[in-house]
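Good morning, colleagues. Please look at the sequence and the structure on the screen, and keep both in view while I speak.

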Amino acid sequence: QIRVGAGGNNITQVAFTVPAGQVGNGTSVTAASPVLIQVLIRASGANPLTGFLTVDSLSNPLKNTDPGSTSSIPFSEISWASQDGDIPEGTFQDEIDQDIVSFQSSQRYRDFHTFSYANTLLIESGTYEGHVIYTWAVP
């Protein structure tokens, strides 16, 4: 079982606002609210399992939604801090199957991640939208 953000059919949005005079200056911008990440793995002691949390940050990059724009931002500009370290901090690697962490059964792990935008690219102004997909697999 996995839960990222609000849960249910809701998609949790993370927003960054970069002031016009600071675009690309390397001063990171942190999102206002942390996002809950929770995974659960259950198995009997006689048949332990390992669960793997991965993320796809390549398939849906951040694209400028302004009409006529073709500008995009790679997700490798986004990192996250971990509140408790149960699900470690990291940076998206623009991969389809980036390993985040693995856990043994029977456990529930939860953490709050606070996302930051590195702000190292000179990009055109606009609203950029994209998404990452977290996968919790227990083979």
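Asn119 is buried, with a relative accessible area of 1%; buried means under 20% relative accessible area, exposed over 50%, and partly exposed in between, with a 1.4 Å probe and protein chains only. This is a predicted model, in which local features need pLDDT of at least 70, side-chain atom pairs count only at pLDDT 80 or more, and totals for chains, interfaces and linings use all residues. Residues are numbered from 1 along each chain as its sequence is written, and side-chain values use heavy atoms, with hydrogens and water left out.

Asn119 sits in the loop between β10 and β11 (128–129). Strands are DSSP runs of E with at least two residues, helices are runs of H or I with at least four residues, and both are numbered from the N terminus. What is the phi of Asn119? Its value is near 60°, which is positive in a residue other than glycine.

Asp94 also belongs in this part of the talk. Its phi is near 55°, again a positive value in a residue other than glycine. Asp94 is located in the loop between β8 (90–91) and β9, and it is partly exposed, at 23% relative accessible area.

Let us turn to a peptide bond. The one from Ser105 to Ser106 is cis, with omega near -20°. Ser106 belongs to the loop between β9 (98–104) and β10.

Next come the aromatic rings. A pair of aromatic rings is described by the distance of the centres and the angle of the planes. Rings of Phe, Tyr and Trp (its six-membered ring) pair if their centres lie within 6.5 Å; planes under 30 degrees apart count as stacked, over 60 as edge-to-face, and the rest as tilted. By this rule, the count comes to 7 aromatic pairs. One of them joins Phe16 and Tyr117: the ring centres are 6.1 Å apart and the planes stand at 40°, so the pair is tilted. Why does this pair tie together parts that are 101 residues apart in sequence? It does so because Phe16 lies in the loop between β1 and β2, while Tyr117 lies in strand β10. Phe16 is partly exposed, with a relative accessible area of 26%, whereas Tyr117 is buried at 5%.

Another pair is that of Trp80 and Phe115. Their ring centres are 6.3 Å apart and their planes are at 50°, so this pair is tilted. It links distant parts of the chain, with Trp80 in strand β7 (residues 78–82) and Phe115 in strand β10, 35 residues apart. Are these two residues buried or exposed? Trp80 is buried, at 5% relative accessible area, and Phe115 is buried as well, at 6%. Together with Phe75 and Phe92, Trp80 and Phe115 form one aromatic cluster.

Strand β10, which spans residues 107–117, also holds Arg108. Arg108 is partly exposed, with 45% relative accessibility.

Ala15 is exposed, with a relative accessible area of 59%. Where does Val29 stand relative to Ala15 in sequence and in space? The two are 14 residues apart in sequence and, from C-alpha to C-alpha, 9.7 Å apart in space.
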